[in-house]
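Please open the structure in a viewer and keep the selection tool at hand. The tour moves from one selection to the next and describes what is found at each stop.

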Amino acid sequence: IGGMILTHRTILVAEDNIINQQILSRILANEGVEVLLAQNGAEAVSAYQEHSAKLAAVLMDLQMPEMDGYEATQAIRKYELTHNLPQILIVAITANAFMDDKQRCFEIGMDDYLTKPYTVKAFQHTFAHHLQKLNRFSDHVDSDSGESDFV
């Protein structure tokens, strides 16, 4: 696969479906990513609050029990604002490919939108597109050359 920009980083995966958790975990782990799992939106918000300093991104399912991905994203954005934190990359992961869903994701503060089935290429493209936000707490960009050590 080669070259995912997230090697040695941690991603929070908020997904209630066990099979989807396994697929996402395998894709990310194969690229050297540490995966932190949340079963629902409420767990995702708690995990974000506890681990925000080490997280590079959040992959957020939209339809989950207790608290859906929309509510969880709003809670994370409110927490960031309240605690003066830079915004983490939040990518919606969903089976829904409707434009209304995609528009709502952007309106509530998500940064991107991926539909199932997932491909490594789609993740690579999405993460490469949002490289600056991925490096919000990181000094992995060489300031002299401007090059990232995540290829």
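Begin by selecting Gly-109: this residue comes just after helix α4 and takes a positive phi of about 115°. Helices (H or I, at least four residues) and strands (E, at least two) are DSSP runs, numbered from the N terminus. The model is predicted, so local features need pLDDT of at least 70 and side-chain atom pairs count only at pLDDT 80 or more, while totals for chains, interfaces and linings use all residues. Residues are numbered from 1 along each chain as its sequence is written, and side-chain values use heavy atoms, with hydrogens and water left out.

**The whole chain**

Now select the entire protein and colour it by secondary structure. Six helices and five strands are present, and from the N terminus they follow the order β-α-β-α-β-α-β-α-β-α-α. Of the 151 residues, 46% count as buried; buried means under 20% relative accessible area, exposed over 50%, and partly exposed in between (1.4 Å probe, protein chains only). Among contacts between residues at least 6 apart in sequence, 66% join residues at least 24 apart, where contact means heavy atoms within 4.5 Å.

**Helix α4**

Next, select residues 99-108, which form α4. Which residues of α4 are buried? They are Asp-101, Cys-105 and Ile-108. Seen down the axis of α4, these buried residues fall within an arc of 80°, so they line one face of the helix; the arc is that of the directions from the helix axis to the C-beta atoms. Turn to the other side of α4 to find Met-99, Asp-100 and Glu-107, which are exposed. The cover over the buried residues of α4 includes α3, β4 and β5 (112-115).

**α3 against α4**

Two packed helices are described by the angle between their axes and the distance between the axes. For α3 and α4, the angle is about 20° and the axes are 9 Å apart. Axes are lines fitted to C-alpha atoms, for helices over the stretch in contact, and angles run from 0 to 180 degrees between N-to-C directions. α3 is therefore roughly parallel to α4, a term for angles under 35 degrees. Tyr-70, Thr-73, Gln-74 and Arg-77 of α3 make the contact with Asp-101, Arg-104, Cys-105 and Ile-108 of α4.

**α2 against α3**

Keep α3 and select α2 (residues 41-51) as well. The axes of α2 and α3 come within 9 Å and cross at roughly 20°, so α2 is roughly parallel to α3. Show the side chains of Gly-41, Val-45, Tyr-48 and Gln-49 in α2, which meet Ala-72, Ala-75, Ile-76, Tyr-79 and Glu-80 in α3.

Is Leu-85 buried or partly exposed? Leu-85 counts as partly exposed because its relative accessibility is 25%. Select Ala-53 too: its C-alpha atom and that of Leu-85 are separated by 9.2 Å, although the two residues are 32 residues apart along the chain.

**Helix α5**

Finally, select residues 120-129, helix α5, whose buried residues are Phe-123, Thr-126 and Phe-127. Seen down the axis of α5, they fall within an arc of 95°, so they line one face of the helix. On the other side of α5, the exposed residues Lys-121, His-125 and His-129 can be displayed.

Notes:
Parallel < 35°, antiparallel > 145°, perpendicular 65-115°, else oblique.
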